[in-house]
Amino acid sequence: MLTASTNAEQGRNMENIRNIIDAANGKFFSVRFLKKDGTVRDMVCRTGVKKYLKGGNDTLAGKDNIVKVYDVQAKGYRCFDVSRVIAIRAQKKTTVFTLEA
């Protein structure tokens, strides 16, 4: 069950999620988040993968709440909104967050 949180708490959660991803330093981590359509998705991914880029413009530039990753199970680039993260596991540590209702 998702519980309501204050805006200040949500801001701290987003900052904490960013710190966890940055601390992973390009290593694998797993994330569970709520997609736009309301379904929950689990993803094993990593940041910093450039191997499969084909050029073009970055359509997510300037969107600080969006994290771009390479999904190793789907073998493709994906992104997720840090404000919709339910749980993240990195460096053998799982952190669970609350979402705004």
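A residue counts as buried under 20% relative accessible area, as exposed over 50%, and as partly exposed in between (1.4 Å probe, protein chains only). By that rule D71 is buried, because its relative accessibility is 1%. This is a predicted model, so local features need pLDDT of at least 70 and side-chain atom pairs count only at pLDDT 80 or more, while totals for chains, interfaces and linings use all residues. Residues are numbered from 1 along each chain as its sequence is written, and side-chain values use heavy atoms, with hydrogens and water left out.

**Overall layout**

- The protein has one helix and six strands. Both are DSSP runs, numbered from the N terminus: helices are H or I with at least four residues, and strands are E with at least two.
- Along the sequence, the order is α-β-β-β-β-β-β.
- The protein has 101 residues, and 33% of them are buried.
- Take the contacts (heavy atoms within 4.5 Å) between residues at least 6 apart in sequence. Of these, 56% join residues at least 24 apart.
- The accessible surface is about 6900 Å², and carbon and sulfur atoms hold 50% of it. Such areas come from the Shrake-Rupley method with a 1.4 Å probe; for residues, only the protein chains shown count as cover.

- Strand 5 covers residues 85–90. Five of its six residues are buried.
- Strands pair if DSSP finds at least two bridges between them.
- Strand 5 pairs with strand 1 (residues 29–34) in the antiparallel sense, over four bridges. In this pairing, V31 stands opposite I88.
- Strand 5 also runs antiparallel to strand 6 (residues 93–96), again with four bridges. Here A90 has K93 as its bridge partner.
- Strands 5 and 6 form a hairpin with two residues between the strands. In that hairpin, Q91 takes a positive phi near 55°.

**Salt bridges**

- A salt bridge is a side-chain nitrogen of Lys or Arg within 4 Å of a carboxyl oxygen of Asp or Glu. A search of the whole structure finds two.
- One joins the side chains of R32 and D42, at 2.6 Å from N to O. R32 is in strand 1 and D42 is in strand 2, so the pair ties together parts that are 10 residues apart in sequence.
- R32 counts as partly exposed, because its relative accessibility is 38%. D42 is also partly exposed, with a relative accessible area of 43%.
- R41 forms a salt bridge with D71, and the closest N and O atoms are 2.5 Å apart. R41 lies in strand 2 and D71 in strand 3, so this pair ties together parts that are 30 residues apart in sequence.
- R41 is partly exposed at 21% relative accessibility, whereas D71 is buried at 1%.

**Around D71**

- D71 sits in strand 3, which spans residues 66–71.
- Leaving out residues up to four places away in sequence, D71 touches R41, M43, V44, C45, G76 and R78.
- A polar atom of the D71 side chain lies 3.0 Å from the backbone nitrogen of Q73. This is a polar contact: a pair of N or O atoms within 3.5 Å, where within protein one must be able to donate a hydrogen and the other to accept it, and residues adjacent in sequence count only if both atoms are side-chain atoms.

**A nonpolar surface patch and Y77**

- Y52, L53 and Y77 form a nonpolar patch on the surface, with about 300 Å² of accessible area together. Patches are made of residues with over 30% relative accessible area and no salt bridge; like charges are joined within 9 Å, and nonpolar side chains (Val, Leu, Ile, Met, Phe, Trp, Tyr) within 5 Å.
- L53 lies in the loop between strand 2 (40–46) and strand 3. L53 counts as exposed, at 51% relative accessibility.
- Y77 belongs to strand 4 (residues 76–81). Y77 is partly exposed, with a relative accessible area of 30%.
- Not counting residues up to four places away in sequence, Y77 touches V49, K50, K51, Y52, L53, V69 and Y70.
- Y77 and K50 are 27 residues apart along the chain, and their C-alpha atoms are separated by 9.8 Å.
- The side chain of Y77 has a polar atom 3.1 Å from the backbone oxygen of V49. A polar atom of that side chain also lies 3.3 Å from the backbone nitrogen of Y52.
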